[in-house]
Amino acid sequence: MELAIDTSTKYASIGLSLNGKMKAETQWLSGWNHTVEIGLTVRKLLETSSVFPNDIDSIFVAIGPGGYSSLRTGLSFAKGLAEANGANLYAVSTLDVQAYPFFSLNIPICSVLQVGRDQLAWSVYDPFSRKGSEVKINSPSEIVKYCNPETLFCGESAVQIDFWLKANKDHGRFVVNRDLPARYVRDLIKIGVKMKLEDYHDDLITLEPNYLRNPSIHVSEK
């Protein structure tokens, strides 16, 4: 069995699959309560699916970019379960999960996710190789100027791209404004299964979330 975990943002999701075939899933608006909720939610999903923790041999986890504490909570839980079960851990970019449903369109895909005020993490996916460019952080205007007119913008923060386009009367772009959450655990599973078949798993000790930004914590000068 495979367990998929995505706590990249305030929208969280988990799923169970067998050789990539979805068996059960749940998604919820966690806010920033991931630490309290992730363990209980996974336990409930396993129990209602009659699955034991030891049945899990592979764990797919969204690695970011995203929120500092939310990503860390999801990865810490995934690491702990993987170590206890001897399961393999597969880290998947959150931007990849957002872009995955649109690969069949065979046009460039720009996956965007907010990482700070007016700043978005983004990557552009080649329509042929389906590989993403280096992840960068820019404003919506800078991202739009970089991308060619055929690019489709998607992801949890695509709405910010849409706002900028409308404000600047740029109507020749393609933006997918899904109801949030803008990504699904089934796509995380599909990507993870491909990695599993290629026998490419991550090291439990060295794997870290892709924060891109440091946490908003300030040390008192007093």
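This is a predicted model: local features need pLDDT of at least 70, side-chain atom pairs count only at pLDDT 80 or more; totals for chains, interfaces and linings use all residues.
Residues are numbered from 1 along each chain as its sequence is written, and side-chain values use heavy atoms, with hydrogens and water left out. Local features need pLDDT of at least 70 and side-chain atom pairs count only at pLDDT 80 or more, while totals for chains, interfaces and linings use all residues.

Start with a sheet. Strands of a sheet pair through backbone hydrogen bonds, either parallel or antiparallel. Here, two strands pair if DSSP finds at least two bridges between them. Strands (E, at least two residues) and helices (H or I, at least four) are DSSP runs, numbered from the N terminus. Five strands make an open sheet, ordered S3-S2-S1-S4-S5, with mixed pairing. Which strands stand at the edges? They are S3 (21-29) and S5 (88-92). Each has a single partner strand, so one side of each is left without a neighbour in the sheet. On average, neighbouring strands of this sheet are turned by 15° against each other, direction ignored.

Look next at S1 (residues 2-6) and S4 (residues 58-62). They run parallel and are joined by four bridges. Leu 3 stands opposite Ile 59 in S4.

Helices pack on this sheet. Contact means heavy atoms within 4.5 Å. Axes are lines fitted to C-alpha atoms, for helices over the stretch in contact, and angles run from 0 to 180 degrees between N-to-C directions. Helix H2 (residues 68-85) touches S1, S4 and S5, and its direction makes about 170° with that of S4. Helix H6 (residues 185-197) touches S1, S2 (11-18), S3, S4 and S5. The direction of H6 makes about 125° with that of S4.

Now for the interior. In soluble globular proteins, nonpolar side chains tend to be buried together. Buried means under 20% relative accessible area, exposed over 50%, and partly exposed in between (1.4 Å probe, protein chains only). A nonpolar core is a set of buried Ala, Val, Leu, Ile, Met, Phe, Trp, Tyr and Cys residues joined through side-chain atoms within 4.5 Å. How many residues has the largest nonpolar core? It has 25. Leu 3, Ile 5, Ile 14, Leu 16, Ile 56, Ile 59 and Leu 89 have the most contacts inside it. At least two residues of this core come from each of S1, S2, S3, helix H1 (34-48), S4, H2 and S5. Take Ile 5. Beyond its neighbours within four places in sequence, Ile 5 is in contact with residues including Ile 14, Ile 38, Ile 59, Phe 77 and Leu 188. Another core lies apart from the largest one. It has twelve residues, among them Cys 110, Leu 120, Ile 143 and Val 144.

H1 and H2 also meet each other. Their axes come within 9 Å and cross at roughly 35°. In H1, His 34, Thr 35, Ile 38, Gly 39 and Val 42 take part; in H2, the partners are Ser 70, Thr 73 and Phe 77. By class, this contact has three nonpolar, five polar and no charged residues. Ala, Val, Leu, Ile, Met, Phe, Trp, Tyr, Cys and Pro count as nonpolar, Asp, Glu, Lys and Arg as charged, and the others, Gly among them, as polar. Thr 73 is buried, with a relative accessible area of 15%. Not counting residues up to four places away in sequence, Thr 73 touches His 34, Thr 35 and Ile 38.

Thr 94 is found in helix H3 (residues 94-99). Is Thr 94 buried or exposed? It is buried, with a relative accessible area of 0%. Leaving aside neighbours within four places in sequence, its contacts include Ser 8, Gly 64, Leu 113 and Arg 183.

Strand S6 (residues 109-116) is mostly covered: seven of its eight residues are buried. Seven bridges join S6 to S7 (residues 119-125), and the two run antiparallel. Leu 113 stands opposite Ala 121 in S7. Two residues lie between the strands of this hairpin, where Asp 118 takes a positive phi near 60°. On the pairing with S9, three bridges join it to S6, and these strands run parallel. Ser 111 has Cys 154 in S9 as its bridge partner. Finally, Gly 116 lies in S6 and counts as buried at 18% relative accessibility.
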